[in-house]
Amino acid sequence: MSITGKSLVAGVWLGNEAEGQFQAYNPLAGENISQSYFNASSADIDQAALQAAAAFPSYSRLSNEKRADFIETIAEEILELGDVLLDTTAAETGLPMMRLQGERMRTVNQLRLFAQFIRERSGNEIVDEADPNREPLPKPETRLRHIALGPVAVFGASNFPYAFSTAGGDTASALAAGCPVVVKGHPAHPGTSELVAQAIEKAINKCQLHSGVFSLVQSSKPEASVQLVQHPAIQAVGFTGSIKVGQLLQKACWERQQNIPFYGELGAVNPQVVMPAMASDNAQGIAQGLVDSLVMGNGQFCTNPGLWLVPESADEFRSVASEAISKASTTALLTQGISAAYSASTIKLAQTENVELLASSAPEQPHFSAAKLFSTSGSAFLANQELHEEVFGPAALMVSYRDEDELKAIISSLEGQLTASIHGLEQDLASAQALSQQLAHKVGRLIFNQMPTGVEVCYSMNHGGPFPSSTDVRSTSVGTEAYHRFVRPICYQNAPAHLLS
């Protein structure tokens, strides 16, 4: 398939030179890619939202079986793209081929899981039977069902070009719920977005659906994002990205006359609690494991372990971790913006009072990032709120806690997180109930003796947490429960059977 550089608006590929163009950046080569992409016009965005609204009545009434067939067809069409998709994404992201192959299959399997999920939900409702003989008043029959919200705006993420982008979890869950989708492609990987949009367009045509069921708008202009979330036809938003951009879009939603749900997954430092016996008896294993998790994906996972809470006495752990960091292999960060932010954040940390740079890796190329491990005391961490901020990239802050009371104080001071891990031997975990309960109120997923990087796509997964890790503590952006973000409850009372089909 060839790349046009255009946006897909309800079955029509549109591009207007008057709106300007942008290019993707090859992070490994350190240069722009020659292909240019048209910025979507205001009229394009308006049309995409209006056509999504036009498609909503027929698509939301489609049977679960037919929606499942459509979602599975998208999965098959993505696989049909073959190496063209993988090669395009590799150039735009610098991610290794094995990682991209794995993420592509995760995305395909995620689509298939939602297809399976909605097939299982066929006829799913809660019914309270009528009781005409009840005193003093007869009891009516009531049925609780869930219906689709309406058109959904989805924002592609820079760090997951497949799984959290054009046909990623937000799109899959919205389509499963019966909601048409307008995707705002991420400007870091526009070629990838277009190819996946071409696969979705093929699926729409094969399944003979309204073309407004899916649109992709490409733009490097911030105002395009604001226009999309403020369009009256849009009824919910799915976003994965930085706290700063997420809050700007959430504010744009609040400025609407109609309030709509904004499901933002914004970031976290994902604290790793290393218990005393683990730090003493397995210093080598736990230190190497944390470093491996930290540099996985070059530190650009939302579940990256950016905060390590270790006992003051863990000298061997510090030594092993420092050596592992110095030997870590890193590469270029995904975008120039991420690279600049990482550089600024690590320089700021290195210059912060009571913070020590324990170790840094030696990048192979000047424009590659260096893995960094910083250290501070528990008291310094508690006194400086800026040390709690996420550094997006392969850097971690090791905080030494004096005793259990200081550890609990540190955890109490944390904002909401996507995940936290407790690493402990049997004797550690035997007395960790209070610690576990405290952490549970800070996170969306609590992990024991495993690293946070990697999210299983399944029925029981929760990928979200208290603010600022996400904007709605009740929701998940991974797993089948994500379906519930894009439906609302409706009660039918005394409804004729033929109107409930």
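The structure is a predicted model, in which local features need pLDDT of at least 70 and side-chain atom pairs count only at pLDDT 80 or more, while totals for chains, interfaces and linings use all residues. Residues are numbered from 1 along each chain as its sequence is written, and side-chain values use heavy atoms, with hydrogens and water left out.

**Cysteines**

- The structure holds zero disulfides, a disulfide being a pair of cysteine sulfur atoms within 2.5 Å.
- Cys253 is in no disulfide, and the nearest cysteine sulfur, which belongs to Cys179, is 15 Å away.
- Cys253 is also buried, with a relative accessible area of 1%, where buried means under 20% relative accessible area, exposed over 50% and partly exposed in between (1.4 Å probe, protein chains only).
- For Cys302, the closest cysteine sulfur is that of Cys458, and because the two sulfurs are 15 Å apart, they are too far from each other for a bond.
- Cys302 counts as buried too, at 10% relative accessibility.

**The second largest pocket**

- The second largest pocket has a volume of about 700 Å³; on a 1 Å grid over the protein atoms alone, a pocket is an open set of points where a 1.4 Å probe fits, with protein on both sides within 12 Å along at least five of seven lines.
- Its lining, meaning residues with an atom within 4 Å of a point, comprises 24 residues, and Ser60, Asn64, Arg145, His146 and Ile147 lie nearest the centre of the pocket.

Definitions and conventions:
Grid points are joined across faces, edges and corners, and a volume is the space filled by probe spheres set on the points.
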